[in-house]
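This note sets out some points on charged side-chain pairs for a colleague new to the model. Please read it alongside the sequence and structure shown here.

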Amino acid sequence: MASLTISPENQKKVKALGFLANKGTDNFSGRIITVNGKITAAQNKCISEAAELFGNGTVTFTSRLTVECPGIPYDKIEDFRAYLAKEGLQTGGTGSKVRPVVSCKGTTCQYGLIDTFDLSEKIHEKFFNGYSNVKLPHKFKIGVGGCPNNCMKPSLNDLGIVGQKIPNYDSELCNGCRVCGVENICAVHAAKVTDGILTIDEEICNNCGRCVGACHFDAIPDGQVGYKVYIGGRWGKLVNHGIPLNKIFTSEEEVMDIIEKTILFFREQGETGERLSQTIERIGFENVESQLLSKDLLERKEEIINADLHLVGGATC
């Protein structure tokens, strides 16, 4: 085992830049931000070269779609960062602030309902970059899923977004077919033909969109694209499933606003060291939802951002 000569202060300094100490050594893993889990071939090549030049020649992938190069000596950290910058890559992704966004592959998947890459890139620019100097009570994770299959587990993030397609059903066009294409394709059994008419149980329907176009008489010719938003999810030592807001949002602008309001709410009303799920539990979901659906938090944005809050740290887990 190598001797440990890097001071705790210097370890803390480089951790803020995305360099995590390799246990028992003076080396570090450099965490590279992929924006939304997608990099170019040129960036991929650059990362591989940097791993060989400054690290131990290996590349690892994190559960939040960032990339790490282990084995980087302390005195090579700035050289490593400069090499990555040639392809527009940056390191980071630690601390009590907005963390890198996780995205599924969206519309390249047969079930994808929204362009998750595009949306998550916008979220990255506005909140990961734009709020990079805003201290929060704890880490704040955002996940963007393209459909209710929930492949990247949006509800286990502090804020999770799930793509929706709300079926536009015209019951006047239903012929009550003995073999109903809509009923047959509905994976959650929300659609059923009863007494010669198709009904869709909105309490069961998860807006997956598979029924759109499935009716031979065009009773469901299209659907409204939407976004379901969960708040207060977490994964780790303590697990909590996020709670969906009681509204399906129908525009990206609404989604971006609700993300910003949630971050502002967490900064203002979260206690240092607690996750959003704990803040919601302490204050009450109905109270939190009411604040998020109003305009007050955005109207007080500058006041909340400039307040002297969370200056000590102290994450509990």
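**Salt bridges in the predicted model**

1. Arg275 counts as buried, at 4% relative accessibility (buried means under 20% relative accessible area, exposed over 50%, and partly exposed in between, with a 1.4 Å probe and protein chains only). The model is a predicted one, in which local features need pLDDT of at least 70, side-chain atom pairs count only at pLDDT 80 or more, and totals for chains, interfaces and linings use all residues. Residues are numbered from 1 along each chain as its sequence is written, and side-chain values use heavy atoms, with hydrogens and water left out.

2. Arg275 pairs with Asp158 in a salt bridge, at 2.9 Å from N to O (a side-chain nitrogen of Lys or Arg within 4 Å of a carboxyl oxygen of Asp or Glu). Asp158 is in the loop between strand S7 (142-145) and strand S8 (159-167), while Arg275 is in the loop between helix H6 (252-269) and helix H7 (276-283), so the pair ties together parts 117 residues apart in sequence. Helices (H or I, at least four residues) and strands (E, at least two) are DSSP runs, numbered from the N terminus. Asp158 is also buried, with a relative accessible area of 0%.

3. A second salt bridge for review joins Lys122 and Asp118, whose closest N and O atoms are 3.0 Å apart. These residues are four apart in helix H4 (residues 116-129), about one helical turn. Lys122 is partly exposed at 36%, and Asp118 is partly exposed at 31%.

4. Glu268 and Arg300 form a salt bridge, with the closest N and O atoms 2.6 Å apart. Glu268, Asp296, Arg300 and Glu303 are linked in a salt-bridge network.
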